[in-house]
Structures are given as C-alpha cells and as structure tokens.
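Open the model in your viewer and keep the selection panel handy.

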Amino acid sequence: MKKDDVLYVSRLLLGLVMGFVSGYLSNTLSWILIILLGILAYASTVPISLRLVSEDSKTQRRNAVLNGIGTYAIFWITGWILFYNIIY
C-alpha cells in the first residue's frame, strides 16, 4: 500500500471507532465536548502522517495532513448517529 492509502484507511477506521465512542458518550457528555474529542482524535493522527512523509516536499506534507479528513468526518458523524440510535 502507498503512504496515502495507509493514512486514508487508518483515518476511515478511526472515524468509525470515534463515531461509536461518541454515540456511547452522548448520554453522559455534552455534544460540544464530544466534538472536541473527535477533533483531538483526528489531530492525534497528524504527527504520524507527518512522520510518514518527513522527507517529501511541502505539498505532500500538506496532503498528508488533509488526506482523509472528509472521510473521517463522514464516518465519525454517521457512526455517532447510528450507534446512538441503536443504544438509545
């Protein structure tokens, strides 16, 4: 797999996991805190992505940070909604 594919798939899976975590925590935490948790989870992948492309150009570093952000957001929110509806 290419570096971009690894980042994309890992962020997709992280978005799904965070959606389940967010759905579970929806009953105990405010939605603002859950959104902050989701943003922090995505931000935790940025150092890993920069380490993967450390020797590459500045454009590739920017792409490494942004690659998969939309997929992460969609899977996170969809997982959050689905898991919340299944539990409650």
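Start by selecting α1: the cover over its buried residues includes α2, α3, α4 and α5. Helices here are DSSP runs of H or I with at least four residues, strands are runs of E with at least two, and both are numbered from the N terminus. The model is predicted, with local features needing pLDDT of at least 70 and side-chain atom pairs counting only at pLDDT 80 or more, while totals for chains, interfaces and linings use all residues. Residues are numbered from 1 along each chain as its sequence is written, and side-chain values use heavy atoms, leaving out hydrogens and water.

Within α1, show Leu7, Arg11, Gly15, Met18, Gly19, Ser22 and Gly23, which are buried. Buried means under 20% relative accessible area, exposed means over 50%, and partly exposed lies in between (1.4 Å probe, protein chains only).

Zoom in on Ser22, which sits in α1. Its relative accessibility is 0%, so Ser22 counts as buried. Which side chain makes a polar contact with the side chain of Ser22? Trp76 does, at 2.9 Å. A polar contact is a pair of N or O atoms within 3.5 Å; within protein, one must be able to donate a hydrogen and the other to accept it, and residues adjacent in sequence count only if both atoms are side-chain atoms. Setting aside neighbours within four places in sequence, Ser22 is in contact (heavy atoms within 4.5 Å) with Ile34, Trp76 and Trp80.

Next, select α2, residues 31-43. Colour Ile34, Gly38, Ala41 and Tyr42, the buried residues in α2. Look down the helix axis: these buried residues fall within an arc of 100°, so they line one face of α2. The arc is taken over the directions from the helix axis to the C-beta atoms. The buried residues of α2 pack against α1 (3-25), α3 (46-52), α4 (58-66) and α5 (69-87). At the start of α2, find Ser30, where a side-chain oxygen comes to within 3.2 Å of the backbone nitrogen of Ile32.

Now for the core. Select Met18, Ile34, Ala41, Tyr42, Tyr72, Trp76 and Trp80, the seven residues of the largest nonpolar core. Such a core is a set of buried Ala, Val, Leu, Ile, Met, Phe, Trp, Tyr and Cys residues joined through side-chain atoms within 4.5 Å. Both α2 and α5 supply at least two residues each to this core. Stay on Tyr42: not counting residues up to four places away in sequence, Tyr42 touches Arg11, Val65, Leu66, Asn67, Gly68, Ile69 and Tyr72.

Move on to Gly70, in α5. Gly70 is partly exposed, with a relative accessible area of 38%. Gly70 and Arg11 are 59 residues apart in sequence, yet their C-alpha atoms are 9.5 Å apart.

Finally, zoom out. The chain has five helices and zero strands. Its C-alpha atoms fill a box of roughly 45 × 25 × 15 Å along the principal axes. Of its 88 residues, 25% count as buried.
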